[in-house]
Amino acid sequence: MKNNTDIILYNMWTKDEQLPSTADAMLAKLTKLKNSGFTGLHLAPPSLSGNGSPYAISDFFALDPQNFDGGDSMTQEQLKDRLRLFIRLAHKIGLFVLVDAVLWHCHDHSPLVENHPDWFFYNEDGKIVYQFVPTDPDHPYGDIVRFRYDANCPDSLWQFLADVLDFYYNDLGFDGCRLDMAAWCPAAMLKKVVAHSEGKLLIAESFGCGNAEFLKLRDCGIRYVYNSAFWAGFDTQSKWIIDQLNFFNSIGLKSVTILANHDTCRLLHRCGSAARVKQFIQLLSLMSGGVSVTSGDLTGALEKIDVCRVRNEPARYDLTQDLADALEVRRAHPALRSEAMYYDDHGDFFIVFKHCDTETVRILVNRLAYRNEAEVDGTKVDLAPFEVRLLAA
């Protein structure tokens with residue numbers, strides 16, 4: 001991948017949007033994404049699950065047939081060949097493809113637990129330790145167990161980690177990873193992943209992160225982090241996202257802003273109307289260093305993603321062209337791809353100032369669901385409902 005690639009990701013949730021069964025169908029899907037302004041795809045974890053959730057992996061080197069149209073009737077080698085073809089076709093038209101890499105834990109019924117007991121932690125009663133989010137240690141996951149990436153980590157576990165990455169990169173053809181729960185992974189493990197991923201794009205999940213965790217990611221060699229804009233309502237209480245993006249800029253991290261994903265409810269549920277979803281997508285496309293849009297959020301999906309089962313939801317609208325238009329504006333202005341900005345609040349509207357070495361631009365945003373009049377530099381500006389407008393500095 002080129003270092004200057006603008007990261008506009010389509011988060012393809014492959015249980016809701018299974019990999020097509022023919023090369024023509026794959027190419028049609030990929031071409032539509034390319035023409036919409038996306039530069040890459042992020043696929044949900046493809047490995048075989050122990051309970052239906054792609055984040056509870058039983059066999060890292062087998063693929064889950066639920067991710068494929070007609071996958072239940074296919075052999076493992078046929079599944080792998082289809083995924084390899086999909087990635088090759090993406091590369092052919094200029095898209096990169098990332099895998100959602102779950103490297104810190106596995107399902108508790110995975111053969112790894114029985115075959116490699118020294119790879120896991122045990123409590124003082126001799127019971128295996130289940131994975132938990134450090135911000136909520138009293139509520140561990142009920143069926144995933146944590147690998148022991150610590151000072152006593154066996155060499156065989158480090159080799160297993162390298163083998164999994166090689167399977168994703170060299171066998172299947174992925175261009176990099178979204179690193180699941182990266183902010184809470186041991187630093188030694190992250191450094192091993194970074195060292196083994198030279199030339200690959202790594203983007204760290206940052207759920208629950210504070211500044212200390214972001215600095216840890218940076219110090220481990222991570223350069224890109226996913227950050228969620230989902231709760232950024234852009235009222236007077238939600239300027240935090242601008243402060244966070246400026247912090248990333250100050251410490252040398254780049255963000256890929258998630259509009260919504262499997263951990264949140266849907267954008268339509270959050271925003272309440274297609275017009276408000278459109279504004280949210282336009283604004284974050286212009287404001288963030290990178291952007292990630294999840295399957296269904298451009299077409300009005302309303303049900304929260306269910307990580308354990310296949311489900312298709314009919315389209316209520318299509319904001320694909322609106323996203324493409326915003327991304328075309330983004331490409332024309334280097335300042336929009338930077339993360340240096342400040343925020344000027346005027347109540348019913350606000351202005352985001354973005355700048356780089358060559359230009360400064362202003363993004364004018366109407367908060368209201370009806371027409372609004374904003375005064376900017378002594379000039380009255382008529383704004384349409386929920387309008388996002390780019391102004392010269």
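Analyst: What follows covers a sheet, its strand pairings and then a helix.

Analyst: Please keep in mind that this is a predicted model, in which local features need pLDDT of at least 70 and side-chain atom pairs count only at pLDDT 80 or more, while totals for chains, interfaces and linings use all residues. Residues are numbered from 1 along each chain as its sequence is written, and side-chain values use heavy atoms, with hydrogens and water left out.

User: In what order do the four strands of the open sheet run?

Analyst: The order is S13-S14-S15-S18, with antiparallel pairing; strands here are DSSP E runs of at least two residues and helices are H or I runs of at least four, numbered from the N terminus, and two strands pair if DSSP finds at least two bridges between them. Strand S13 (341–345) and strand S18 (388–392) are the edge strands, each pairing on one side only.

User: Which helix packs on that sheet?

Analyst: Helix H7 (residues 240–251) does, touching S13 and S14, and its direction makes about 165 degrees with that of S13. Contact means heavy atoms within 4.5 Å, and the angles run from 0 to 180 degrees between N-to-C directions of lines fitted to C-alpha atoms, for helices over the stretch in contact.

User: And how many bridges link S14 and S15?

Analyst: Strand S14 (residues 349–355) and strand S15 (residues 360–366) pair over seven bridges in the antiparallel sense, and a hairpin of four residues joins S14 to S15. Across this pairing, Ile351 stands opposite Leu364, and Val352 stands opposite Ile363.

User: Is S15 mostly covered or mostly open?

Analyst: S15 is mostly covered, with six of its seven residues buried, where buried means under 20% relative accessible area, exposed over 50% and partly exposed in between, using a 1.4 Å probe and protein chains only. S15 also pairs with S18 over five antiparallel bridges, and Val361 has Ala392 in S18 as its bridge partner.

User: Switching to H2, what span should its 17 residues have?

Analyst: At 1.5 Å a residue, helix H2 (residues 76–92) should span 24 Å, and its end C-alpha atoms are 24 Å apart, which agrees; the expected span is 1.5 Å times one less than the number of residues.

User: What covers the buried residues of H2?

Analyst: The cover includes helix H1 (23–35), strand S5 (96–101) and helix H4 (155–172), and the buried residues of H2 include Leu79, Phe86 and Ile87. Just after H2, Gly94 takes a positive phi of about 95 degrees.
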